Amino acid sequence: MLRKYAGKGAFLAVNLAMAFLILAPLAYCVSVSFMTEPELFSFPPAFLPQRLQLGNYLSALAFAPIFRFILNSLVVAAVCTAGQLFFGALAGYAFAMHEFPWKKALFLLMLSTMMIPGQAIILANYLTIANLHLTDSYPALILPYLTSAFCLFSMRQAFLKLPGELYESAALDGCGSTRFFLSIGLPLVKPQLGSLGVYTFLAVWNQYLWPLLVTNRTETRTVQIGIGMLQSSDGNAYGPIMAGVTLVLIPSVLVFLIGQKSLISGLTAGALKG
């Protein structure tokens, strides 16, 4: 009994230590965003502000249009997430439930694109966007990430887990392929859709290189690019920088918290039988 409780205590201690290591930088960032400049450079270092003040947030909003950056990132991330889930679900359903010529070859061709580093094709993508005169626009930020081979693969695996007899019995009852996909297939793979949605949204939200390449105007920049304007305005203004970072973190943290249940369900789907 003593060994059992000792094991649980050690497991809990390790989890608490890992949680502290992950959350401490975030908590300190929020704390610094409320500090005055003397508190930032005090010795010994202060970990909590003496009083809450919004001067750093007002300075950050004066230096850069942070809410515009957040809006741009929200639009781009939401459209890319919706597009990847839509096209990934359709393609995954087709590869899992239907037979057609060159099926395996096409699927392997799709998977092979996952082995190509994004940096290897970024120049070709930029030249394509530039030739279409789409730079400094939402389409430039969205089009290259509207589909994903990873999403296709994940949705194919999700549909393959569905019993084949379910599709056959539905077909015998007169249920067409489209109706089965919308009424039966999608509801059953909802956990995978939720986890992929959270993953895709956060991945697009955190993009840096591609938005830096295709946007030049302040009005079209995303949060990861725009937040750098705070540092360029005043290299030592750590308070406004942390205030801007805190504002930028809020949407992504909310998306993670809202989709946490779906994310965990998607990751554990199929782990247990019965």
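Visitor: Why is phenylalanine 153 called partly exposed?

Guide: In this predicted model, phenylalanine 153 has a relative accessible area of 30%. Buried means under 20% and exposed over 50%, so a value of 30% puts phenylalanine 153 in between, as partly exposed.

Visitor: Is phenylalanine 107 buried or exposed?

Guide: The relative accessibility of phenylalanine 107 is 9%. The limit for buried is under 20%, therefore phenylalanine 107 counts as buried.

Visitor: What makes phenylalanine 107 and phenylalanine 153 a stacked pair?

Guide: Two values decide this, because a pair of aromatic rings is described by the distance of the centres and the angle of the planes. The centres of phenylalanine 107 and phenylalanine 153 are 6.4 Å apart, and pairing requires them to lie within 6.5 Å. The planes are 25° apart, and under 30 degrees counts as stacked, so this pair is stacked. Phenylalanine 107 belongs to helix 5 (residues 103-112) and phenylalanine 153 to helix 8 (residues 149-160), so the pair links parts of the chain 46 residues apart.

Visitor: How do you know that arginine 156 lies over the face of phenylalanine 107?

Guide: Arginine 156 is at 4.1 Å from the ring centre of phenylalanine 107, and the distance limit is 6 Å. A charge must also be within 35 degrees of the ring normal; arginine 156 is listed as lying over the face.

Visitor: How many aromatic pairs are there?

Guide: The count comes to 13 aromatic pairs. One of them joins tyrosine 93 and phenylalanine 181.

Visitor: Why is the pair of tyrosine 93 and phenylalanine 181 called tilted?

Guide: The angle between their planes is 50°. Stacked needs under 30 degrees and edge-to-face over 60, so 50° leaves tilted. The centres are 4.9 Å apart. Tyrosine 93 is in helix 4 (residues 66-97) and phenylalanine 181 in helix 10 (residues 177-188), 88 residues apart. With relative accessible areas of 5% for tyrosine 93 and 8% for phenylalanine 181, each is buried, because the limit is under 20%. Ring pairs also link Tyr93 and Phe181 with Phe159 and Phe180 into a cluster.

Visitor: How do you know that cysteine 151 is in no disulfide?

Guide: The nearest cysteine sulfur, that of cysteine 80, is 12 Å away. A disulfide needs sulfur atoms within 2.5 Å, so cysteine 151 is in none. The whole structure has zero disulfides. Cysteine 151 is buried, at 1% relative accessible area.

Visitor: Where is the pLDDT below 50?

Guide: The mean pLDDT is 85, but over residues 270-274 it is below 50. Where pLDDT is low, the predicted coordinates should not be read in detail.

Key:
Residues are numbered from 1 along each chain as its sequence is written. This is a predicted model: local features need pLDDT of at least 70, side-chain atom pairs count only at pLDDT 80 or more; totals for chains, interfaces and linings use all residues. Side-chain values use heavy atoms; hydrogens and water are left out. Rings of Phe, Tyr and Trp (its six-membered ring) pair if their centres lie within 6.5 Å; planes under 30 degrees apart count as stacked, over 60 as edge-to-face and the rest as tilted. Helices (H or I, at least four residues) and strands (E, at least two) are DSSP runs, numbered from the N terminus. Buried means under 20% relative accessible area, exposed over 50%, partly exposed in between (1.4 Å probe, protein chains only). pLDDT is the predictor's confidence in each residue, from 0 to 100. Contact means heavy atoms within 4.5 Å.
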